[in-house]
There are 2 protein chains.
Amino acid sequence: MSTVLNKLGALEAARLLNRRELTAEQLVRACLARIEQREPQIHAWAELDPDHALAQARALDKGPVRGVLHGLPLAVKDIFDTHDLPTRYGSSIYARHHPDADAACVALCREAGALVLGKSVTTEFATYHPGPTRNPRNPAYTPGGSSSGSAAAVADDMAPLALGTQTAGSIIRPAAYCGIIGFKPSFGRVPRAGTKALADSLDTIGGFARSVEDVGLLASVLMRDERLRNLAYSGKPRIGMFRTQQWRHSLPETRAAYEHAARVLSAAGARVEEMPLPAEDCAVAQLHADVMAYESAQSLAYERQAHAGQLSTKLQTMLQAAAGIATQDYLDLRARAAKLAARVDSWFDQYDIVLTPSASGEPPFFEQGTGDPQFCRGWTMCGVPAVHLPFAQGPQGLPVGLQAIGRVNTDHALLAMAAWVHQELASQPLVM
Amino acid sequence: MSTVLNKLGALEAARLLNRRELTAEQLVRACLARIEQREPQIHAWAELDPDHALAQARALDKGPVRGVLHGLPLAVKDIFDTHDLPTRYGSSIYARHHPDADAACVALCREAGALVLGKSVTTEFATYHPGPTRNPRNPAYTPGGSSSGSAAAVADDMAPLALGTQTAGSIIRPAAYCGIIGFKPSFGRVPRAGTKALADSLDTIGGFARSVEDVGLLASVLMRDERLRNLAYSGKPRIGMFRTQQWRHSLPETRAAYEHAARVLSAAGARVEEMPLPAEDCAVAQLHADVMAYESAQSLAYERQAHAGQLSTKLQTMLQAAAGIATQDYLDLRARAAKLAARVDSWFDQYDIVLTPSASGEPPFFEQGTGDPQFCRGWTMCGVPAVHLPFAQGPQGLPVGLQAIGRVNTDHALLAMAAWVHQELASQPLVM
């Protein structure tokens, strides 16, 4: 039994756990067995303490059902503080860092009964310098970043749920590269206490799962919103298809997936429209990159100053670039970002949901880094909720999909429609 | 000499330090002497290590001038992490907490040459449960909260500069009660990494000094904006006088200070206008209190869950109230707050600066708590910059003043005009 338990989705496992037809210990043992088998190739974990995971499971099995995540093993990106496991933020500066408290989002999950299976690999401070994690679909490729270990662990059936953060494209991109669901909620909806800060106006906490419904379960806890546990949707959404200004960087597999989705969803009864691109080149990706660099250099003031020698060259380059951004220019960029967000908001008078690329295409090779977040930067900057939906296989046999975008603070509506969209697309997967 | 050095303002001390006419060690010794004399009555400090402060000073004296805060002693509210001093957040839960890093704002100050004199008392997690700090103008009274120790230390000439945070009224109110300058910048302008989070959409970092120019010096480092070091202003501002919906709670001394300011500034050539109050009762203070309670309960999820017994009754009451706020209601409150912020923003088409009460009046007695932030809640929620200006003495001989409000992200213009306003008012102080 333990060889398949680790493949259970979060909702299904939760139902069995709730009925005491499955114990948390059984489920954790299955996950740990999978990890033991696969971790030497995948390197998803920054810290793993099997005995501690089992102790948490046994304690949960002995007590009452704590909440909707009771007994579910959770992979926690190593950017979130944990009181019982070291937290290194992907940097040697914090090699011996043992927080005194849990990040608020971790505490919310434990309060609902989840157990922390381990800390999953993050890139350096959730920026660009990669960790050791490999793509579980094919270890020659990157799993994406910065939530590399979280996405890989869920994709490889090591854990049913994982926590991540997105400042540029760090949830949506690894979800795309690993072929799972990744959900970035509306900005400001999940408390960031105890999460290593990178860019104050951008950092967003979210999660990974293997179905939209499962990620809704996790989000219902993080966002304190039980509506996210019922994603029933009976309408036919008005879908806007948006290529973005980065379209020229999209690879054939993304273009094919985009066309395929439009066809399938139209045939399923949705009103599907290609959206016009903004006339002017508003250079959204660069706008976001500048805001992120400026804020990161401020947030990492201590590390810059006291431990510069332990920062990667990539990060040092970003922080040096930030020094060239004048503060008034930064404020002007923020004002432009606010105008763009208002424009995006107005789209949703016409469309219920917008589908757009998550990444240029299949993941790059591991040696080439964690990929480019250019297809995500604008959405993070606008604070809109986004969920990656996998439904295609590219020419290298690796996952491809699209992300669905909704109006700010209508996360439930987005996930409900995304579940419908994903069901339609997954029923007619595209293999290239 | 050392008996008066501690009274030097930050700019004047910085000038002497820069010319090497004063050493950091001399200045620190003067501050420590003052602390030794007064701390038994005032209790401004949560942690003080005189030897460590002197060691920092001697190291600065030996090296080159590091930046615009070179050699200036800084009181750091004990809500900010420091790598070299314990950080307790005003709670016994963190009695043995030794952070591995500095908060970003502390690191920015050190980078500019400041030295951390010690950790100043905060209320519990910067909420309502008071620390031991007394008002240095009269120890029978509260210094206000939550930045109690920072305001008291600067008011009592123990330090020329201090760091604080405001989520409701935690900078402006203690500045008012202690009779000094307190500056809350526009929301989002000072990085919050390493600062204990309370309410993500409200927490704002700022500072205290004994002149507007001195607080501008500190803010120029926190906000990476050298314009804040030149507050020259030659015009005559259009000043809006705003009583707020809380006016009925204002005490006679606040009303007298308000009328006095209007008269003096009008005579000085400003165009002073009484602003109309909103027709409907939009209950701004309650709106803010609900948003703050909701977000605090999310941010303090770990402490609520793992250490509930160590939370004060006041805090437990706030967190329990939060449990009754449905998430959709919270989102509706946030939407109302955004509309209010847009309305406030439009005021600044007509007015350059708005003057409004900082607190109901003179501080309450120590035993009555840290006072009510009702006159600050709305401004924090709207994210506007605010600076408290002291210029009156109430019937108990305690300080009274007003706060000046500016348009979001025009902090330099606000401080420049506030310096002019303060100069005019301080030249004709009101004694009741």
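## Strand 5 of chain A

A residue is buried if 20 or more other C-beta atoms lie within 10 Å of its own. By that criterion, in this predicted model, strand 5 of chain A is covered on both faces. A:Ile181 and A:Phe183 are buried on one side, and A:Gly182 and A:Lys184 are buried on the other. In a regular strand, the side chains alternate between the two faces of the sheet.

Strand 5 of chain A has two antiparallel partners among the strands described here. With strand 6 (residues 204-209) of chain A, the pairing is antiparallel and comprises three bridges; A:Ile181 lies opposite A:Ala209 of that strand. Strand 10 (residues 386-393) of chain A is likewise antiparallel to strand 5 of chain A and joined to it by three bridges. In this pairing, A:Gly182 stands opposite A:His388.

## Domains of chain A

Chain A is divided into domain 1, covering 2-229, and domain 2, formed by 238-281 + 333-431. Taken over C-alpha atoms, the centres of the two domains of chain A are separated by 24 Å. Their contact draws 43 residues from domain 1 of chain A and 36 residues from domain 2 of chain A.

On the side of domain 1 of chain A that touches domain 2, the elements giving two or more residues are helix 7 (172-178), strand 5 (181-184) and helix 8 (212-222) of chain A. Helix 7 of chain A provides the largest share of this side, six residues. By class, the side of domain 1 of chain A that touches domain 2 of chain A holds 20 nonpolar, 15 polar and eight charged residues.

A:Val400 belongs to strand 11 (residues 399-405) of chain A. This residue counts as buried because 30 C-beta neighbours lie inside 10 Å.

When neighbours within four places in sequence are left aside, A:Val400 is in contact with A:Glu253, A:Thr254, A:Ala257, A:Gly361, A:Glu362, A:Ala392, A:Gln393 and A:Gly394. A:Gly361 is 39 residues away from A:Val400 along the chain, yet 6.4 Å separate the C-alpha atoms of these two residues.

## Contact between chains A and B

The contact between the chains takes 30 residues from chain A and 30 residues from chain B. On the chain A side, helix 5 (104-111), helix 10 (284-299), helix 11 (301-306) and helix 13 (327-347) each supply at least two residues. Helix 5 of chain A gives the most, with five residues. The residues of the side of chain A that touches chain B divide into 12 nonpolar, nine polar and nine charged.

The same surface serves both copies, as 100% of the contact residues of chain A recur in chain B.

Strand 2 of chain B pairs with strand 3 (residues 115-120) of chain B in the parallel sense over five bridges, and B:Lys77 stands opposite B:Ser120 of strand 3. Together with helix 5 (residues 104-111) of chain B, these two strands make a right-handed β-α-β unit. Strand 2 of chain B also runs parallel to strand 4 (residues 161-166) of chain B, to which three bridges join it. There, B:Val76 stands opposite B:Leu163.

## Two buried helices of chain B

Which residues of helix 6 of chain B are buried? They are B:Ser148, B:Gly149, B:Ser150, B:Ala151, B:Ala152, B:Ala153, B:Val154 and B:Ala155. Since eight of its eight residues are buried, helix 6 (residues 148-155) of chain B is largely enclosed by the rest of the structure. Just after helix 6 of chain B, B:Asp157 takes a positive phi of about 60 degrees.

Helix 8 (residues 212-222) of chain B is mostly covered, with 11 of its 11 residues buried. Among them are B:Val212, B:Glu213, B:Asp214 and B:Leu222. Helix 8 of chain B is followed by B:Arg224, whose phi is positive, near 50 degrees.

Terms used
Residues numbered from 1 in each chain as written. Chains lettered and ligands numbered in written order. Predicted model: local features only at pLDDT ≥ 70, side-chain atom pairs only at ≥ 80, totals over all residues. Domains from an automatic or database assignment. Contact = placed C-beta atoms within 7 Å. Helix = DSSP H or I, 4+ residues; strand = E, 2+ residues; numbered from the N terminus. Nonpolar A, V, L, I, M, F, W, Y, C, P; charged D, E, K, R; others polar. Pairing = 2+ DSSP bridges. Right-handed = clockwise from strand over helix to strand, strands pointing away. Buried ≥ 20, exposed ≤ 12 C-beta atoms within 10 Å, placed from the backbone.
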